Amino acid sequence: MIAARVSAWAIACAALVAACASSPRVPVLSSATTPAAAGLIDIRTLLPDIVEDIRYAGRDNFVGTPIDGYLAPRCYLLRPAAEALQHVELALRRDHLRLKIWDCYRPVRAVRQFVRWANDTSDQRTKATHYPNLDKRALLGDYIAPVSGHSRGATVDLTLLQCLGPEHACIPLDMGTDFDFFDPLAHTDSPRATPAQHANRVRLRAAMMEQGFANYAQEWWHYTLSAEPTPQTIHDAPVQ
Ligand SMILES: [Zn+2]
């Protein structure tokens, strides 16, 4: 039984959407029903003007619908992760760069919806934008797994914006793929990325590593605070 559980966890850790770094044990689901009870804080309490595009709260994501548990487009993180992200943002602003956040804490029920979607091969609506080179049946296991590190509250998906000055709008740097593009091109060091795209990925990675985040090598946008406050605890409180 224990071997089976460890094996299942290893499979989950190998998966793209469910990257989970170095936590070999079975996670414990907390009983918290609100972000505050889970110890999660809204990043905007630290950075009121941080740029966000919380994709799972709307339709512009790989499922194509708002995702279970996202009642509002907000980024919640455990305080140490939020404070580390604040330091990343403030350092980047000195170089006329900013973060744009796509996802932070992710409720367990959202991950369950991802698995249901992956099992429904009749729904191919987002194939062109999110997995054009893969059969949907290949996503489950390799790209989508039943446990996500995001549910622990110290993981964030994000990209970089270049801000040329107060007269100019910030524009996204070219990273070579969009968020949640299920393809080897999304690997941070993919040789298929152009030198300029790779340089942008490396710039993001350097900024995040400086404040203690580690990248998941299969997704250039996915980072987890290395010193996770509660590495065995997952939450299901809605984002609201
Ligand atoms: Zn992620």
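The buried residues of helix H3 are covered by, among others, strand S1 (28–29), helix H5 (139–142) and strand S10 (233–234). Helices here are DSSP runs of H or I with at least four residues, strands are runs of E with at least two, and both are numbered from the N terminus. This is a predicted model, where local features need pLDDT of at least 70, side-chain atom pairs count only at pLDDT 80 or more, and totals for chains, interfaces and linings use all residues. Residues are numbered from 1 along each chain as its sequence is written.

So who is tucked away in H3? Val108, Ala110, Val111, Phe114 and Ala118 are buried (20 or more other C-beta atoms, placed from the backbone, lie within 10 Å of a buried residue's own). They sit on the same side of H3, because they cover an arc of only 160 degrees around the axis, going by the directions from the helix axis to the C-beta atoms.

Now look at H2, residues 79–93. Its buried residues are Ala81, Ala82, Ala84, Leu85, Val88, Glu89 and Leu92. Down the axis of H2 they fall within an arc of 165 degrees, so they line one face of the helix.

How values were computed
Buried ≥ 20, exposed ≤ 12 C-beta atoms within 10 Å, placed from the backbone. Contact = placed C-beta atoms within 7 Å. Expected span 1.5 Å × (residues − 1).
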